[in-house]
Amino acid sequence: MTVKTVFFDMGGTIETFWYSPEMRLQATPGLQQLLSAHGIDLHLSDAHLYDLVTGGLARYHQWRLETLEELPVSAVWRNYILADYPYDFPRLDANADDLMVWIETHYYCRQMRPEMPSVLAEIQNLGYKIGLISNVTSHGQVPQNLCQYGIKQYFNPIVLSSEYGRRKPDPAIFHYAARLSNSPTSECIYIGDRISRDIVGSKRAGFKLAIQIRHAFNHGESDDGAIPDLIISNMIELLDLLKREYRNRLQKAKGTKLSRKIKAVLFDADGVLYYRKNKDQELAPFIKQHGIPCPDNLESEIAKLRHQAFVGQMSFEQYKAGVLNLYGITDPNLVAEGIATAIREKEQVHFWNDTLETLKILKARGLYLGIITDTAHPLHFKLSKLERGGIGNLWDSIIPSSEVGVQKPDPRIYRLALAQLGIEADQAIFVGHKSSELEGAQNSGITTVAYNYEPGAKADIFIRQFSDLSQLEILK
């Protein structure tokens, strides 16, 4: 497999940065003026405002290190920086991002690595896509600095944790970026300065290479967890590697005839890669204990809620709260307990004994591996299950219905997987267990394999054991 996309980190990678308490304190009068202009007058000295801002951001940073969540900027201001100021600031939410951009551009001294423009131009000339994945609190700082450096036009996509809601090293943000670039994760390279965020995260997502660039800044945090595939000091060092990859790609293209053989194996997740003994019944005992006797005609209402959750129109928690309400459970404490029960039960997954070994065999044959899953949860929840089964870093494409806004058997969700892998429908097989999802794959022109299938399921191929996949003639 070749390289399609080169992704960069921002701070410490595209740009170097430093700060000191003295530099920040000298900049603070400008923050006083900006806050005042937006109707936020805290009547604090510069020193006290500096302590308030840096202390609140330090508490927020510690929380997000533990959770890998990124909150909306207005919540950062209200819940962390201004947590001791409960009275309302009417203009805060509308200006929260501008205020944070000011902090991120004035409380740091940032400078682009001087070789970046020429390196990016050469990477683009070689035909690679270029993307960016950055942990950042605001929406505006990264685009603003890229424009100031004169290099923003090279990057597509630009993926910010502040917009996606999850932070590196969560592999979900790397999968999301790869999907936006229509590139298999195994054909992506990532360059970053932090091992604990950049190298660990890209390796967990199955990127082809994870490269560290040295950045002389002490973050005061542990920075370990993985070994980079390459360590560089200057971006120019990337070019030799990418030129070798480019030559390999040309040689491979010359020696490859147009082929319609199977190039990818796409899977449903729950019921195929793993199973749950209590599937769709996780709330039944709780409802029996606390709900009203089974009302009539609820199935259609529950189905509507399920669909809304599966296409990302509501969260899993909202979905389960709606179901509990339908059964007459409205007490907030009981609803919270029911939701916690549902989440806990959905975590109880079991993997077939031959799953990992079979997937490794298929991967070793050069096949793309993908997942197309209907889920009410965000991708990071699904990935945590896969990682517990030892199969988290094997996937070239993961298409979660809750993030793409469409669910099986709609042919669009299958086409999203094909597009990311760069293949046609007749170059893939889909392994599923439900009649509707198998039919959706067939209608999309994909060869279907039924496993752990429900009665009456129709498919091109039926298998009894997961390991039977590696014995199929079309995959040899």
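This is a predicted model: local features need pLDDT of at least 70, side-chain atom pairs count only at pLDDT 80 or more; totals for chains, interfaces and linings use all residues.
Residues are numbered from 1 along each chain as its sequence is written. Local features need pLDDT of at least 70, and side-chain atom pairs count only at pLDDT 80 or more, while totals for chains, interfaces and linings use all residues; side-chain values use heavy atoms, without hydrogens or water.

The chain contains 19 helices and 16 strands. These are DSSP runs numbered from the N terminus: helices are H or I with at least four residues, strands are E with at least two. The radius of gyration is 25 Å, close to the 23 Å that the globule rule gives for 476 residues, so the chain is as compact as a globular protein of that length. This radius is taken over C-alpha atoms, and the rule is 2.2 Å times the number of residues to the power 0.38. Along the principal axes, the C-alpha atoms fill a box of roughly 75 × 70 × 35 Å. Of the 476 residues, 53% count as buried. Buried means under 20% relative accessible area, exposed over 50%, and partly exposed in between (1.4 Å probe, protein chains only). Contact means heavy atoms within 4.5 Å. Among contacts between residues at least 6 apart in sequence, 70% join residues at least 24 apart.

The whole structure holds 23 aromatic pairs. Rings of Phe, Tyr and Trp (its six-membered ring) pair if their centres lie within 6.5 Å; planes under 30 degrees apart are stacked, over 60 edge-to-face, and the rest tilted. Y164 and Y176 form a stacked pair, 4.5 Å centre to centre with 25 degrees between the planes. Y164 lies in helix α7 (residues 161-164) and Y176 in helix α8 (residues 171-180), so the pair ties together parts twelve residues apart in sequence. Y164 is buried at 17% relative accessible area, whereas Y176 is partly exposed at 24%. The ring centres of Y453 and F462 are 5.0 Å apart and their planes lie at 75 degrees, so this pair is edge-to-face. Both partners are partly exposed: Y453 has 37% and F462 has 40%. One aromatic cluster is made of F267, Y275, W352, W395, Y451 and F466.

Charges also sit over rings. The criterion is NZ of Lys or CZ of Arg within 6 Å of the ring centre and within 35 degrees of the ring normal. The charged end of R24 is 3.5 Å from the ring centre of Y19. R110 lies over the face of Y108, at 4.8 Å.

E437 belongs to helix α19 (residues 435-443). E437 is buried, with 3% relative accessible area. A polar atom of its side chain lies 2.9 Å from the backbone nitrogen of H433. Beyond neighbours within four places in sequence, E437 contacts D268, K408, Y414, F430 and G432.

Some backbone sites stand out. Most residues other than glycine have a negative phi, and most peptide bonds are trans. A cis bond joins K168 and P169, with omega about 15 degrees; P169 is in the loop between α7 and α8. Another cis bond joins K408 and P409, with omega about 10 degrees. P409 lies in the loop between α17 (401-404) and α18 (411-421). Phi is positive at H43, near 55 degrees. H43 lies in the loop between α1 (21-37) and α2 (46-67) and is exposed at 69%. L68 also has a positive phi, near 60 degrees. L68 sits in the loop between α2 and α3 (73-81) and is buried at 17%.

How values were computed: A polar contact is a pair of N or O atoms within 3.5 Å; within protein, one must be able to donate a hydrogen and the other to accept it, and residues adjacent in sequence count only if both atoms are side-chain atoms.
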